[in-house]
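Reader: I have a sequence and a model on my screen. Please show me how to read the features one at a time.

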Amino acid sequence: MSLPEIHDFLACRTPDAWVVAALADQETLLIDHKNNEFKAASTAMALIAKYSTHLDLINFMSRLTREELVHHEQVLRIMKRRKIALKPISASRYASGLRKLVRSHEPLKLVDTLVVGAFIEARSCERFEALVPHLDDELGKFYGGLLKSEARHFQGYLKLAYQYGEARDVDATVLRVRESERELIESSDVEFRFHSGVPA
């Protein structure tokens with residue numbers, strides 16, 4: 001599946017070295033993916049609680065929460081079939097690195113949070129696309145199916161950013177976050193995670 005809108009939004013593609021690392025450590029890939037789906041649902045619920053008067057945001061995030069939790073359960077089932085035990089692993093530097101860019105005062109904080117959400121969903125989509133041709137049938141089919149939902153989540157986050165912010169400011173935020181996101185993906189990283197950089 002070609003995803004030109006995602007590719008245009010992101011400043012770089014996933015480095016080949018990351019794909020090699022992911023294929024070599026699918027256990028960590030799945031555990032971290034499971035964790036990310038849960039975090040995505042938690043983030044959406046937190047936004048509903050914080051922005052309780054933003055009707056369109058609430059509707060989108062409510063649907064997103066349900067969808068991410070379904071994905072979380074689906075990854076758990078795959079892990080169970082593959083006899084991959086649950087174990088705690090640290091979060092990657094990726095999301096926290098992007099969230100450092102979020103301005104602290106409203107309404108800019110909301111806009112920045114939504115732009116960061118769009119980048120996380122876009123990168124997830126691009127990573128699934130990079131992995132699918134190399135995976136076994138079960139995982140390839142599952143990740144291929146997630147491509148569409150992640151692309152839809154990306155579009156939803158970005159649409160809300162433009163709805164609640166001024167277009168010129170959102171454009172500037174996208175440029176600012178895009179460069180930092182590229183740096184996180186292309187720079188050397190000491191640990192392998194779903195959103196990690198190039199393995200050191």
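**Reading the model, feature by feature**

Author: Start with one residue and its partners. Leu10 touches Phe119, Ala122, Arg123, Glu126, Arg178 and Glu181, leaving out residues up to four places away in sequence. Keep in mind that this is a predicted model.

Reader: Where does Leu10 sit in the chain?

Author: Leu10 is in the loop between H1 and H2.

Reader: Is Leu10 buried or exposed?

Author: Use the cut-off: under 20% relative accessible area is buried. Leu10 has 6% relative accessibility, so it counts as buried.

Reader: How far apart are Leu10 and Leu108 in space?

Author: Their C-alpha atoms are 21 Å apart, and 98 residues separate them in sequence.

Reader: Now the core. What is the general idea?

Author: In soluble globular proteins, nonpolar side chains tend to be buried together. Here, the largest nonpolar core has 56 residues. Those with the most contacts inside this core are Met61, Leu131 and Tyr143.

Reader: Which helices supply at least two residues of this core?

Author: Helices H1 (4-9), H2 (16-24), H3 (26-50), H4 (55-81), H5 (93-99), H6 (108-131), H7 (137-164) and H8 (167-186) each do. The largest share, 12 residues, comes from H6.

Reader: Which residues is Met61 in contact with, beyond its neighbours in sequence?

Author: Set aside neighbours within four places. Then Met61 is in contact with Ala44, Leu47, Ile48, Leu114, Tyr157 and Leu160.

Reader: How do I read a helix pair?

Author: Take the angle, then the distance between axes, then the handedness. H3 and H7 pack at about 30 degrees, with axes 14 Å apart. Angles under 35 degrees count as roughly parallel. H3 and H7 are therefore roughly parallel to each other. H3 passes H7 in a left-handed crossing.

Reader: Which residues of H3 and H7 meet?

Author: From H3 come Gln26, Leu29, Leu30, His33, Glu37, Thr43 and Leu47. They meet Leu139, Phe142, Tyr143, Leu146, Glu150 and Tyr157 in H7. By class, this contact has eight nonpolar, three polar and two charged residues.

Reader: At what angle do H3 and H4 pack?

Author: At about 160 degrees, with axes 8 Å apart. Over 145 counts as roughly antiparallel. H3 and H4 are therefore roughly antiparallel to each other. Their crossing is left-handed. The contact residues divide into 18 nonpolar, five polar and three charged.

Reader: Next, the backbone. Which peptide bond is cis?

Author: Look at omega. The bond from Glu106 to Pro107 is cis, with omega near 0 degrees. Pro107 lies in the loop between H5 and H6.

Reader: What phi does Lys83 have?

Author: Lys83 has a positive phi of about 55 degrees, although it is not a glycine. Lys83 lies in the loop between H4 and H5.

Reader: Is Lys83 buried or exposed?

Author: Over 50% counts as exposed. Lys83 has a relative accessible area of 76%, so it is exposed.

Reader: One more loop. Where is Ser196?

Author: Ser196 is in the loop between strand E1 (188-189) and strand E2 (198-199). Ser196 has 1% relative accessibility, so it counts as buried.

Reader: Which residues is Ser196 in contact with, beyond its neighbours in sequence?

Author: Leave aside neighbours within four places again. Ser196 is then in contact with Trp18, Arg127, Ile185, Asp189 and Glu191. Compare a separation: Ser196 and Ser149 are 47 residues apart along the chain, and their C-alpha atoms are separated by 21 Å.

Terms used
Residues numbered from 1 in each chain as written. Predicted model: local features only at pLDDT ≥ 70, side-chain atom pairs only at ≥ 80, totals over all residues. Heavy atoms only, no water. Core = buried A, V, L, I, M, F, W, Y, C linked by side-chain atoms within 4.5 Å. Buried < 20%, exposed > 50% of the residue type's maximum accessible area, 1.4 Å probe, protein only. Helix = DSSP H or I, 4+ residues; strand = E, 2+ residues; numbered from the N terminus. Contact = heavy atoms within 4.5 Å. Axes fitted to C-alpha atoms, helices over the stretch in contact; angles between N-to-C directions. Parallel < 35°, antiparallel > 145°, perpendicular 65-115°, else oblique. Left-handed = near helix turned anticlockwise from the far one by under 90°. Nonpolar A, V, L, I, M, F, W, Y, C, P; charged D, E, K, R; others polar.
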